[in-house]
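User: Got a model open here and want to talk through its features. Can you take my questions one by one?
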Amino acid sequence: MITFKHTVIDSHGLHARPAAMIAQTCVNFKSSVTISYGEKRADGNNVLAILSLGVKQGEEITITIDGSDEQEAYEKILHEINTKFGRVDTPDCLKIAFFGTKSYDKKFFAELAEDKGQGTYNVDITYFQTRLTPETATLAKGFEAVCIFVNDECGKEIVDTLYECGVKLILLRCAGFNNVDLNECAKLGITVLRVPAYSPYAVAEHAMAIVQTANRRLHRSYNKVKENNFDLTGLLGLDLHNKVAGIVGTGKIGICMANICKGYGMTVLGWDAYPNKALEESGLLTYVSKEELFKRADLISLHAPLIMGEGGTYHLIDKDSIALMKDTAMIVNTARGALIDAEALIDALKAGKFNAVALDVYEGEDTNVYTNLSDDIVTNDITGRLLMFPQVVITSHQAFFTREALQAIAIVTMENARNYACGKDYGASEVKAQ
């Protein structure tokens, strides 16, 4: 166990930015980190809990680190404190129009945006519940930046409207950017920044959760038991142990999924347009062609970006690739809906293909995403047809939805806004036209 004290010198006390820096550092370590202030305690990986301590300038906190990597965590936390706390650089206040606001968005962003002045994020956010669409784009008039999510529309027409409204920065609070016309942004000089990674664990864990739900028919079992029906008919699944997993896209999320599959005792195959040979050298997976992966895999998990055009990943899973797969194959998509040709998937399901299909995203989901339609009939044709199949599980584009991920999204988005206002390097956050 390592314990050390720190006297807060920031004029705003232990405010949003230093709290965010501590929290984002702590989530990367196995060791538990506790911050004490008087009788109050906060987990070091929880930015909202740290802010609730209410530490003012000149007051002392005690940081306790306990675990297998405590020394490494101590050194990293100390580095963050010594290099980033008490900084006095103050960007001009950035006015941001925040579209598609949900209560959970505001919970994290509002806390980080509250402080103004030296060393803070220094932003002024106006929250709109409506999505960004051609009809709502003019709400951005008078704002220098907009903050949008995966279900917001940002094609050429909307980018043009934003430019006319004075917008110079698009902040994506997500990793994907296929909904933004990057060429038009480049033409008009609009900067586009994203969150390259928030919690790969959240997405990979959700992928395994929903594919196992589909495989073991947990959704059906839950409903049967609620009706006092304990019959096992229709609930037969397959072991994953000693089966073959195929990971399509071996970035951070794909690596997490590969490790989960390895933990199940599976043989892991991988495909990526840019193979990471270190993964093979470590023994985690073996790279094969797409065709071999489709033929051999019992579980296919999609973690590739959506890339349009020739040689891209649009409809990577189509009629031909499905024909290569085992009839008992399981497939899970937590990446982008259009990686799978929905019509080809439905045709295959009609023909008795697939033991399990788990979709957190799917082609044609756009009108459903984050919308409460419980009082309406199902009018989305693709959704309605997919829900007919007993081995299909659909969730509501929620693979990212953990506290750690929401915290990371808010922090990185706010850092992106601050870097823009201060004229600093964007690193991996910047998205440019190809």
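User: Which strands does helix 4 lie across?
Analyst: This is a predicted model, to be clear from the start. Helix 4, residues 103-113, lies across strand 5 (94-98) and strand 6. It runs at about 155° to strand 6.

User: What order do the strands take in the open sheet of five?
Analyst: The order is 6-5-7-8-9, with parallel pairing.

User: Which strands stand at the edges?
Analyst: Strand 6 (123-127) and strand 9 (191-193). Each has a single partner strand, so one side of each is left without a neighbour in the sheet. From one strand to the next, the twist averages 20°.

User: How many bridges pair strand 7 with strand 8?
Analyst: Four, in the parallel sense. Strand 7 covers residues 145-148 and strand 8 covers residues 169-172.

User: And what is the bridge partner of Ile148?
Analyst: Leu172, in strand 8.

User: Now the loop between strand 6 and strand 7. Thr133 lies there. Buried or exposed?
Analyst: Thr133 counts as buried, because its relative accessibility is 9% and the cut-off for buried is under 20%.

User: What is Thr133 in contact with, leaving aside neighbours within four places in sequence?
Analyst: Glu153 and Ile158.

User: Switching to strand 2 and strand 3. Parallel or antiparallel?
Analyst: Antiparallel. Four bridges join strand 2 (residues 32-37) to strand 3 (residues 40-43). One of the bridge pairs is Thr34 with Asp43 of strand 3.

User: How many residues sit between them in the hairpin?
Analyst: Two. Gly38 is in the turn, with a positive phi of about 65°.

User: Is Asn228 buried or exposed?
Analyst: Asn228 counts as exposed, at 62% relative accessibility.

User: What about His397, what phi does it have?
Analyst: A positive one, about 50°, and His397 is not a glycine. The residue is in the loop between strand 16 (392-394) and helix 15 (403-422). His397 counts as buried, at 11% relative accessibility.

User: On to helix 1. At what angle does it pack with helix 15?
Analyst: About 130°, with the axes 11 Å apart. That makes helix 1, residues 16-26, oblique to helix 15. The crossing is left-handed.

User: Which residues make the contact?
Analyst: From helix 1, Arg17, Ala20, Met21, Ala23 and Gln24. From helix 15, Gln407, Ala408, Ile411, Glu415 and Arg418.

User: How does that contact split by class?
Analyst: Five nonpolar, two polar and three charged residues.

User: Why is helix 1 largely enclosed by the rest of the structure?
Analyst: Because ten of its eleven residues are buried. Among them are Ala16, Pro18, Ile22 and Cys26.

User: What do the buried residues of helix 1 pack against?
Analyst: Strand 2, helix 2 (47-51), helix 3 (70-84), helix 4 and helix 15.

Technical notes:
Residues are numbered from 1 along each chain as its sequence is written. This is a predicted model: local features need pLDDT of at least 70, side-chain atom pairs count only at pLDDT 80 or more; totals for chains, interfaces and linings use all residues. Side-chain values use heavy atoms; hydrogens and water are left out. Two strands pair if DSSP finds at least two bridges between them. Axes are lines fitted to C-alpha atoms, for helices over the stretch in contact, and angles run from 0 to 180 degrees between N-to-C directions. Contact means heavy atoms within 4.5 Å. Buried means under 20% relative accessible area, exposed over 50%, partly exposed in between (1.4 Å probe, protein chains only). Angles under 35 degrees count as roughly parallel, over 145 as roughly antiparallel, 65 to 115 as roughly perpendicular and the rest as oblique. A crossing is left-handed if the near helix is turned anticlockwise from the far one by less than a right angle, and right-handed if clockwise. Ala, Val, Leu, Ile, Met, Phe, Trp, Tyr, Cys and Pro count as nonpolar, Asp, Glu, Lys and Arg as charged, and the others, Gly among them, as polar.
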